[in-house]
Amino acid sequence: MAKLPRAIEENLHFLCAELDGQLSGLQSYFEAPETGTAQKVILRAGYADNLRSRVHAASQRGLSARKVANTQRLVLQSMDMVGRNLDLIGRLARRSLIHAEDVRIKELMRPDAYPKVIKQVRSGVALVLPAIQASESGQAIRIGQSKAKLDDLYDRLFQTYTRDMRKSKHTEDLANSLLAANEIRRMGDALQGISEALLSASIGQPVQFERYFTLRSVLSGTNVLEADLELEPMAETRSGSAISAVRSRDSEEGAVDAVFKDGTLDKLREERAGVKSWHSNYPGLAPKILSYKKRGQSAALLIEHLPGHTFEHILLNEGEAQLRDAKKALSKTLRDIWKSTLTQDPAEMASMRQLARRMADVRRIHPEFGPARMQIGGLEIDGFDRLVARARERETALPAPFSVHIHGDFNLDNVIYDPVEKRIRFIDLHRSRHMDYVQDISVFMVSNYRLQVQDGPVRRRIADVACDIHAMAAKFARAQKDRSFEYRLSLGLARSFATSTRFIYDTAHARRMFLRSRFLLEQALACPPGREGRFKLPIRELFSD
């Protein structure tokens with residue numbers, strides 16, 4: 001861990017000592033409840049608050065310096081968090097005493113249950129300074145493990161107090177006892193916050209307590225030692241998973257050894273299954289899974305790091321030659337996948353069902369996209385939800401004539417292009433399955449358009465990419481005699497344009513996308529049943545601003 005500024009080190013030292021004194025007073029109170037003992041602790045609020053303020057001020061001074069390395073920045077932020085949580089423990093101790101003092105019959109509070117667990121809190125606080133000075137994580141972990149013991153005490157007391165409430169007339173005393181116990185339970189949350197801050201400073205990335213254990217679990221299946229690695233945040237998915245680059249401390253600058261991804265058990269299990277399905281259906285496209293571990297309702301993957309850039313990065317940052325090569329490689333890869341995985345099983349994309357299900361989320365961000373009917377003069381126009389319902393009936397009667405293996409979440413940032421090998425790879429594969437290929441095409445095209453870049457030349461590049469991928473897919477559809485491709489694509493695009501607005505804060509850009517969705521629905525519904533094979537989309541106009 002980087003060296004601390006003297007002001008932080010000194011004031012944390014004094015804060016830990018002051019807090020131990022307050023916790024000692026709290027322990028003494030429960031050993032022998034006396035108002036005088038409680039008041040001695042309650043009246044010491046000012047000094048702890050001053051010490052916490054000094055730690056915060058010193059951290060802010062360090063962060064405001066002109067040149068602050070990322071590791072030092074994280075250390076300063078972590079020490080500020082340690083100070084805040086230490087102060088919080090003191091506040092919780094004082095509030096617990098205030099509630100305890102409101103209990104008239106002290107025996108109902110069962111005070112003898114508290115001293116042992118308060119000693120546990122004191123032990124955690126005593127480990128803070130040694131953990132800051134140590135280079136290994138063992139002491140920081142022990143601090144965080146105190147939470148489970150405090151939770152166990154609270155659970156037992158909760159059951160006892162609530163049982164007593166059912167047969168006692170002293171409900172008010174028991175309620176205040178429960179409040180006192182809850183304040184002590186919350187000390188476990190503060191200790192875990194301290195543990196997380198110390199672990200974050202140690203490994204070089206903000207980390208939650210449980211996430212640290214999943215990281216250690218996946219590393220246990222490799223030859224990588226925890227002390228030899230650094231983590232750097234790469235992304236946060238919309239499903240809540242966190243993605244980090246794993247580097248050896250002695251590796252070349254910028255070199256990534258693996259990717260660590262953790263999240264809910266269901267999502268990571270789907271991701272693992274998706275990767276396996278690609279290894280079976282189209283080997284070499286998906287990254288290798290180096291390690292997989294589950295812990296309770298969470299799980300983690302250590303995944304092979306793929307060289308190259310995301311398609312989004314290439315589109316926005318690289319030259320025309322590299323973009324052209326990436327488009328060519330992507331088109332070839334998709335055609336190969338579709339041909340090699342094609343089965344004659346019909347596939348229903350169900351894009352209108354997806355759209356109807358997600359409109360509530362869209363309207364939480366953009367309530368102006370309401371379902372109400374509109375009127376122009378004396379002409380009434382169907383509301384958006386009515387258009388979706390009508391289009392759903394048409395879509396149900398028009399499944400894709402065959403299935404292929406698709407990505408399932410085919411956004412620009414889930415496609416990796418390696419300019420050295422000139423090859424395409426896929427990531428984030430938890431939705432992969434056999435399905436209508438229009439699902440991937442519509443998602444990819446709209447993920448281009450929704451990029452919030454207003455520069456004219458870049459917007460033209462975006463439109464070109466969308467038009468090129470459409471042209472490639474349309475050519476494949478003709479070769480396979482898929483006559484309803486264009487019609488199904490209109491519904492897929494309508495879904496993706498509308499649902500993507502829930503990720504767009506810019507009202508004007510979101511409105512452009514929503515109007516395109518409505519336009520596509522109206523055009524699809526205006527096509528007479530049985531004439532879907534002649535339906536054509538104005539792709540260039542749709543993707544140009």
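**Strands and a helix pair**

Author: This is a predicted model. Start with strand S10 (residues 415-418) and S11: they pair in the antiparallel sense, over four bridges.

Reader: Which residue of S11 is the bridge partner of Val415?

Author: Phe426 is the partner of Val415.

Reader: What order do the strands take in that sheet?

Author: The order is S6-S10-S11. Three strands make up this open sheet, with antiparallel pairing.

Reader: And which strands stand at the edges?

Author: Strand S6 (309-310) and strand S11 (423-426). Each has a single partner strand, so one side of each lacks a neighbour in the sheet.

Reader: New topic. How many bridges join S4 and S5?

Author: Six bridges, linking strand S4 (residues 289-295) to strand S5 (residues 298-304) in the antiparallel sense. Lys294, for one, has Ala299 in S5 as its bridge partner.

Reader: What sits between S4 and S5?

Author: Two residues, in a hairpin. Gly296 in the turn has a positive phi of about 65°.

Reader: On to helices. At what angle do H5 and H8 cross?

Author: Roughly 20°. The axes of helix H5 (residues 115-126) and helix H8 (residues 171-203) come within 11 Å. An angle under 35 degrees counts as roughly parallel, so H5 is roughly parallel to H8.

Reader: Left-handed or right-handed crossing?

Author: H5 passes H8 in a left-handed crossing.

Reader: Which residues make the contact?

Author: From H5, Val117, Ile118, Val121, Gly124 and Val125. From H8, Ile184, Met187 and Leu191.

Definitions and conventions: Residues are numbered from 1 along each chain as its sequence is written. This is a predicted model: local features need pLDDT of at least 70, side-chain atom pairs count only at pLDDT 80 or more; totals for chains, interfaces and linings use all residues. Side-chain values use heavy atoms; hydrogens and water are left out. Axes are lines fitted to C-alpha atoms, for helices over the stretch in contact, and angles run from 0 to 180 degrees between N-to-C directions. Angles under 35 degrees count as roughly parallel, over 145 as roughly antiparallel, 65 to 115 as roughly perpendicular and the rest as oblique. A crossing is left-handed if the near helix is turned anticlockwise from the far one by less than a right angle, and right-handed if clockwise. Contact means heavy atoms within 4.5 Å. Two strands pair if DSSP finds at least two bridges between them.
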